[in-house]
Amino acid sequence: MTTRTAPPPAGLPGSVRQRAAIAARTLRTDRWWFAPLITVIGLVAWVTYATVRVFMHDRYWVGDYHYLTPFYSPCVTERCLPEAAHFGRVLPGWWIIPDAALTLPFLLLFRLTCYYYRKAYYRSFWLSPPACAVPDAHKRYTGETRFPLLGQNLHRYAFYAAAIISAINTWDAILAFHSPEGFGFGLGNVILVGNVLMLWAYTLSCHSCRHVTGGRLKHFSRHPVRYRLWTFVSKLNVRHMQLAWITLGTLALTDFYIMAVASGWISDLRFIN
Amino acid sequence: MGNQDAPVKTGTTRHFRIWRGDESGGELVDYQVEVNEGEVVLDVIHRLQATQAPDLACRWNCKAGKCGSCSMEINGMPRLGCMTRMSTFDDNETVTITPLRTFPIIRDLVTDVSFNYEKARETPAFAPPPDLAPGEYRMQQVDVERSQEFRKCIECFLCQNTCHVIRDHEENKPAFSGPRFFIRAAELDMHPLDTRNDRKEYAQASQGLGYCNITKCCTEVCPEGIKITDNAIIPMKERVVDRRYDPLVWLGSKIFRRGQREAEQTARESAPVGTAHSHAGASHEPGAEAEAERGVHWGRQVPQPQAPAVDSRGRLPISEFTFDRPAAPSPFGEDVTFPMPPKDLNYAHPEQKD
Amino acid sequence: MTTRIERHHYDVVVIGAGGAGLRAAIEARLAGKRTAIISKSLFGKAHTVMAEGGAAAAMGNVNPRDNWQVHFRDTMRGGKFLNNYRMAELHAKEAPQRIWELETYGALFDRTKDGKISQRNFGGHEYPRLAHVGDRTGLELIRTLQQKIVSLQQEDKKEHGDYEARIKVFAETTITDLLLDSDRRIAGAFGYYRESGEFVLFEAPAVVLATGGVGRSYKVTSNSWEYTGDGHALALRAGATLINMEFLQFHPTGMVWPPSVKGILVTESVRGDGGVLRNSEGRRFMFDYVPDVFRKQYAETEEEADRWYTDPDNNRRPPELLPRDEVARAINAEVKAGRGSPAGGVYLDVSTRLSPEEIKRRLPSMYHQFKELADVDITKQPMEVGPTCHYVMGGVEVDPDTTAAVGNVQGLFAAGEVSGGMHGSNRLGGNSLSDLLVFGKRAGEHAAAYVDTLGTRPKVSTADVEAAVEQALAPLERKGGESPYRLQQDLQTVMGDLVGIIRRKSELEEALVRLAELRDRANRVSVAGGRRYNPGWHLALDLRNMLIVSECTARAALEREESRGGHTREDFPTMSPKWRTVNLVCSLDGDKVRLEHKPLPKMPPELMKLFDRAELAKYLTDEELAEFDALTAEAHAEEAAK
């Protein structure tokens, strides 16, 4: 910590004087609790669904069309169907190990440390604060200055990992243009490709990505290409929140569709073969 | 006071609750006020001052959302009084106006915002390039645009007020500068010609950047629409990550020893110039030395004794009765008040921590 | 009643924390003086933030043909030759340096392609000349100076261990009186903290006034509550004189709708960037109001005017860019003729010429202001605008080089809007920001130099302090008197209706009678509540200043029997060369306002030669013209001899 500069001089600024004694904890009259509530409902529902699916260890592969759900990509345990395991089967098949155990932790980390999700769960789960100008539910607060929340700085690593995983998902989506006759194309492909596009949009709109592509530069004028990249990412970045929710939706939809087809509940709508 | 000339339409009477009081306490007081079409909350306060409550204290200046003086909380949300149109409320809605909660109260809607000015003073200023004379500065528009966004700040301190880090936790005030000064740090770090390269470290170590949990309330309340979180705080956090946590950058700095040189440089800049004698007694321990030095302002200018106050004939008053204040004039001059604040003393107790 | 008075000792006290005040304080501190800055509101909230267009400086970044001579010429022309030539000259010469200096303090102006400071067109300026940052240049300026002061304080902290060792800001503090010693030298300043109502006495041998203008005496004004003419009145009471007080600038385009924001400015760059003025019949009426003196420089058809925006070198400028007073008068005339908008203004439309994106980029805070305050989308709809009281050209009469106040007082300096002479009878847009930088610096520099010349420090007399205390407490101690708000409203009505844009002898005479009544009533004003942050009390104290300055304006307006720049007399509609040679000087005799004629300083030949004879003929008397002819003949003869 050689760079640490001296702390600001003692003496709390303004500590001598009292704040206004306003009795009400918040005077907001709008429905400020609505957004956190929706967030809680949405996230809990999704996490429940995802947990169930991840530990189902079944109905993740449509053999005819090579559809693989993103929740099992890449499938790397000994339990995986050989044709679904594009990257080998290296992990033991205990039920507690998800079949995509090499990627899911990173995806989880990516979303957990995502600057949008942080806002979402700090507000709605941790209530710190639940909404603007509504009091924090905690007595003490140190923010992200110490362990474990200091770990939020791992977002950069998680972003690098997520970029690689998006590439794997893209590969899955390409392999899925398949039918028993060779090339094929159905509604499942549309869903898979749509999901991958959204995943890329979400990953690239990440604040870390924005920083790496150009945000860290001091002089845009000296790096015109990176400036253009940054401008592009910045445009996506504005929609980071929407993309975060959209991808939750597309992931669940993709998975559910593949589960439904794999279980034979519905049959895939085929356009070609 | 925009409505002295007869308004086109007669107004409606609305119910207001305004917090009146000072540091010894206060309460919400009810008022019935006339409101005309096209008015803002500040107009209503002015009408109250002119009619029912001439001593209602409220700061304001430009009435156009450019100076950031009339910050207040309207129905619980931090807002500018001059930018909150009455048409945003229902006709029968009660409007509650309170002072900013985060800062100490002075009276009614006026708070003591000196916290912000103290933090401003602690933030290192622009460091101009030494080799450029005035008029030789060349910068490209794309390079200044990011910083220009932050310079739109009108210092209304709504972001400071709404930030829960200090709003709900008074104890964090010494360690946390607040969103206003994060955008200042970001502005300077992105300034194409600023020569300091330790602003990220400073933001992390001394401004309390880590306290921010990016819940974005600062952005939500900013009347200038500055994307405080997305464009300043998060980029600053990412820049800190660059230096401290990024594996690739860390590896690079280990290999090229770049980070080390920079760290040494900043350490040199921030450390006081070596002094011959010890302030930490005979412990000879480097830590204690630094600790003790911090409490001692060896460079502080001792207030120069001023000539005592004299009367109209230029003489010292003969007796207290003929003078304008009780007791003899201070031998330390008229502008030294006692007790002196401890931080101004040239003495640190050996056990003193900071 | 015993009163505690806090005392401070400083070398230089700067009253006013706007651009001029801060620049003066920086200079005084750089000269090694202990400096206090007195700010009526919070630090950094000064009215300077409202300046939108930019700061005029002949840097020649956009058009290399620009130089200080051209700027000087434009300034004189704008002021209708009533300017103090030396001030205009210094201003034109030093403005670029002052702007460049700001960059070393951290200012970020908009840039040209080659990385220099971008400059924009503005009414009355021959070339693009205004350094700007979007349309919030004033904010940039005040923030930059504020941050420079902070950086100086940080240096002091390093050196002395205390941020406030050599420069301290007293925020929310109002000065009510300047105190002099028996030799009529400044000895100190007396005032109160708004927050606590406690009194404070600054003992200092030099005071710089930088308090801004007087607009708060008017009903429709762009000025904030601070603009109560404090500096003008302080100077008068200290024995200094005011000049040109009859000249008030009415900004042609203030918002007129909704009523609550009546008066707030719509920046001139809306017109510079292509906004056109139309009346309720849809006619672009400015073409009908081009005065003869400007006929040559302005377009006569809409087509030519439209071409100018893209090709300014080969076309004449649109008449919307005429100096402010011309535009204000034209709008006034249109409205009076019944061709105005429902709210009593005219339409300013920028949506027809620029794309919505372009408007948002070039006029962001205007877009924001109309959207938020009036619910008008200026990218789609026209704005409703009308004249609003904006700036006072008149002010403390100063020595051009040192900015020291002229009159029976020493150690008093003035800079910025509170000083008079620089802008003559009308100020060009953009000249105020550069004015306050140029003369703010000079004020700080010369105040510091003045302090060095003093052998002994002037002493404040106890009796003066007691008198000041008594004066300040009077409204609180009186009971059952009139409310200061009522009085201010009446004053605003008198000034707005009788001493407004268009003036008449009878109305001005009536105004003087009414003002005398108001002064009488002001002595009986009483205020409820205590001393702690009591706006009623503050207003009661400010009223004293507003009344005295308003009287100066009314008297001077009655005296000057011509129309020129910011002074229009319906009964004397033309400019008179005879009146050009005269400044009206206002002083205080006891509590009576006195008005005197004073000849204008004479412009030296080398500056005179910058103008065409044809142009001078519009302004100068026959004798002056004859002199000019003799000069040019001499020059020709000399050239021929070579």
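The model is predicted: local features need pLDDT of at least 70, side-chain atom pairs count only at pLDDT 80 or more, and totals for chains, interfaces and linings use all residues. Residues are numbered from 1 along each chain as its sequence is written, chains are lettered from A and ligands numbered from 1 in the order in which they are written, and side-chain values use heavy atoms, with hydrogens and water left out.

**Where chain B meets chain C**

- Let's start with who takes part: 79 residues of chain B and 83 residues of chain C are in contact, where contact means heavy atoms within 4.5 Å.
- B:Lys66, B:Arg121 and B:Arg151 supply 12% of the area that chain B buries against chain C, more than any other three residues.
- There are 40 residue pairs in polar contact across this interface, with both residues at pLDDT 80 or more. A polar contact is a pair of N or O atoms within 3.5 Å; within protein, one must be able to donate a hydrogen and the other to accept it, and residues adjacent in sequence count only if both atoms are side-chain atoms.
- On the side of chain B that touches chain C, at least two residues each come from α1 (41–50), β6 (105–107), α2 (114–122), α3 (141–151) and α6 (179–190) of chain B. Helices (H or I, at least four residues) and strands (E, at least two) are DSSP runs, numbered from the N terminus.
- The element that gives the most to that side is α3(B), with five residues.
- By class, that side of chain B has 33 nonpolar, 20 polar and 26 charged residues. Ala, Val, Leu, Ile, Met, Phe, Trp, Tyr, Cys and Pro count as nonpolar, Asp, Glu, Lys and Arg as charged, and the others, Gly among them, as polar.

**Salt bridges**

- Side chains of opposite charge can pair when their charged atoms come close.
- Over all chains, the count is 101 salt bridges, each a side-chain nitrogen of Lys or Arg within 4 Å of a carboxyl oxygen of Asp or Glu.
- Five salt bridges cross the interface of chain B and chain C. One pair to look up is B:Arg151 with C:Glu140, whose side chains meet in a salt bridge at 2.5 Å, N to O.
- Within chain C, the side chains of C:Arg519 and C:Glu551 form a salt bridge at 2.7 Å, N to O. This pair links distant parts of the chain, 32 residues apart: C:Arg519 is in helix α14 (residues 505–522) and C:Glu551 in helix α15 of chain C.

**Enclosed spaces**

- The model has 13 cavities of 30 Å³ or more. On a 1 Å grid over the protein atoms alone, a cavity is a set of points where a 1.4 Å probe fits but cannot get out, and lining residues have an atom within 4 Å of a point. Grid points are joined across faces, edges and corners, and a volume is the space filled by probe spheres set on the points.
- The largest cavity has a volume of about 660 Å³. It is lined by 49 residues, and the closest to its centre are C:His47, C:Thr48, C:Gly212, C:Tyr227 and C:Glu417.
- α11(C) gives the largest share of this lining, four residues. By class, the lining has 17 nonpolar, 23 polar and nine charged residues.
- The second largest cavity holds about 290 Å³ of space. Of its 21 lining residues, B:Trp60, C:Arg194, C:Trp225, C:Pro535 and C:His538 lie nearest its centre.
- α15(C) gives the most to the lining of the second largest cavity, with four residues.

**A loop in chain A**

- Chain A has eight helices and four strands.
- Most residues other than glycine have a negative phi, and most peptide bonds are trans.
- A:Leu127 has a positive phi, near 55 degrees, and lies in the loop between α3 and α4 of chain A.
- A:Ser128 and A:Pro129 are joined by a cis peptide bond, with omega about -5 degrees. A:Pro129 lies in the loop between α3 (115–124) and α4 (155–175) of chain A.
- The peptide bond from A:Phe147 to A:Pro148 is cis, with omega near 0 degrees, and A:Pro148 is found in the loop between α3 and α4 of chain A.

Conventions. Buried area is the accessible area (1.4 Å probe) that two parts lose on being put together, summed over both. On a 1 Å grid over the protein atoms alone, a cavity is a set of points where a 1.4 Å probe fits but cannot get out, and a pocket is an open set with protein on both sides within 12 Å along at least five of seven lines; lining residues have an atom within 4 Å of a point.
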